[in-house]
Amino acid sequence: MTTNTHVTIVGAGLGGLTLARVLHVHGIPATVYEAEASATARAQGGMLDIHEDNGRPALDAAGLTEEFHGLVLEGRQAARALAPDGTVLFEESDDGTGGRPEVMRGELRRLLLDSLPAGTVRWGRKVTGVHALGSGRHEVAFADGDNIVTDLLVGADGAWSRVRPLLSGATPEYTGLSFVETWLHDADERHPDTAKAVGGGAMYALAPGKGIQAHREAGGTLHAYAALRRPPEWFEGVDLAGPAGAARIAGEFEGWAPELTALVTDADGAPVLRPIHTLPPAHRWERVPGVTLLGDAAHLMPPSGEGANLAMYDGAELGGALAAHPGDVEAALTAYEQDMFARAAAEADDAARLQELMFGADAPRGLIGMFTGGEATAV
């Protein structure tokens with residue numbers, strides 16, 4: 001591969017943008033195709049804790065570490081676990097020495113976007129299909145009727161990747177758990193009891209098969225997830241667009257402290273259903289010339305705090321591999337994939353264990369034991 005070979009990236013999430021940025025640092029041109037109409041077409045999620053072993057090295061490789069520090073929200077590494085009645089079971093303050101600084105996902109995405117040459121991201125380009133042309137070349141078709149041909153295609157297009165079928169027949173499967181996402185704005189003024197219960201960072205109130213989690217974001221916003229282990233059909237019978245839907249979800253937490261259930265019943269705007277899907281924990285594929293995957297497209301797993309960090313690290317590692325193997329795309333992709341498969345399998349195992357700690361039969365004692373580094377006391 002010469003340094004002027006063009007890389008086609010599908011998906012302008014954190015992983016695809018990190019790849020584009022690292023390629024730019026190394027003088028390798030890339031174009032990112034994104035289905036969203038613009039950078040502000042939708043909200044970009046909430047807080048992200050950026051980890052020392054993957055997210056931070058990715059930002060280092062992208063040359064954006066100093067700018068990243070300007071996005072960090074102080075105090076948000078604090079954590080607490082509550083019993084359903086609101087009793088504090090565990091609490092850890094943020095003394096500024098933790099290794100997982102918190103930033104807003106949208107601001108981190110904007111930092112990456114602003115670091116790219118103008119025109120790198122093509123907005124409103126929804127991929128409808130891809131197919132192989134041979135010799136490592138692929139055609140990408142878009143919803144507007146246009147198409148392109150590329151010598152190197154990277155699927156950074158998430159859980160329902162359009163690129164993945166070129167490499168693997170695996171499809172995401174429902175884990176049995178769904179999150180109902182909510183927001184409370186100006187919580188300190190409008191919902192002081194709930195704001196006090198959440199505290200300054202992350203809050204976990206868990207029981208077997210269900211839980212309420214929340215995080216304090218910028219501007220006094222509380223971003224929450226009510227988790228329930230239910231089949232998809234159960235949620236189909238809940239109209240989340242109206243107040244009855246929120247009440248139905250809150251009803252699954254009967255007897256819980258009102259300052260906790262208020263994260264659902266008092267939410268600003270309609271709650272959003274987030275079914276949790278996963279790919280096989282050791283998902284991998286045989287090398288296919290001219291194409292690869294990163295992030296959730298490659299290794300979708302239950303939420304564990306690692307997803308965005310892994311996607312960014314994938315992007316940085318892939319960009320570095322392409323720069324390190326000029327003239328040999330296949331050597332670069334082989335090196336990248338072999339390392340990625342191993343780390344993704346290990347992280348998927350960890351994510352499954354975390355889900356069991358949070359929502360399994362021993363919840364919340366298992367999670368508190370993880371926080372404290374030992375056995376949790378009875379709660």
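## Helix packing

The crossing of α1 and α4 is left-handed, a term used when the near helix is turned anticlockwise from the far one by less than a right angle. Helix α1 spans residues 14–25 and helix α4 residues 105–114, and their axes come within 9 Å and cross at roughly 25°. That makes α1 roughly parallel to α4, since angles under 35 degrees count as such. Axes here are lines fitted to C-alpha atoms over the stretch in contact, with angles running from 0 to 180 degrees between N-to-C directions.

On the α1 side, L14, L17, T18 and R21 meet R105, L108, R109, L112 and L113 of α4, with contact meaning heavy atoms within 4.5 Å. By class, this contact has five nonpolar, one polar and three charged residues.

## The second largest pocket

The volume of the second largest pocket is about 210 Å³. Of the 15 residues that line this pocket, T175, T278, L279, P302 and A352 are the closest to its centre. Lining residues have an atom within 4 Å of a pocket point.

Both β12 (173–184) and α12 (329–359) supply at least two residues of the lining, and α12 gives the largest share, four residues. The lining divides into eight nonpolar, four polar and three charged residues.

## About the model

This is a predicted model, in which local features need pLDDT of at least 70 and side-chain atom pairs count only at pLDDT 80 or more, while totals for chains, interfaces and linings use all residues. Residues are numbered from 1 along each chain as its sequence is written, and side-chain values use heavy atoms, leaving out hydrogens and water.

Notes. Parallel < 35°, antiparallel > 145°, perpendicular 65-115°, else oblique. Nonpolar A, V, L, I, M, F, W, Y, C, P; charged D, E, K, R; others polar. 1 Å grid on protein atoms, 1.4 Å probe; cavity = no way out; pocket = protein on both sides within 12 Å on 5 of 7 lines; lining within 4 Å. Points joined across faces, edges and corners; volume = space filled by probe spheres on them.
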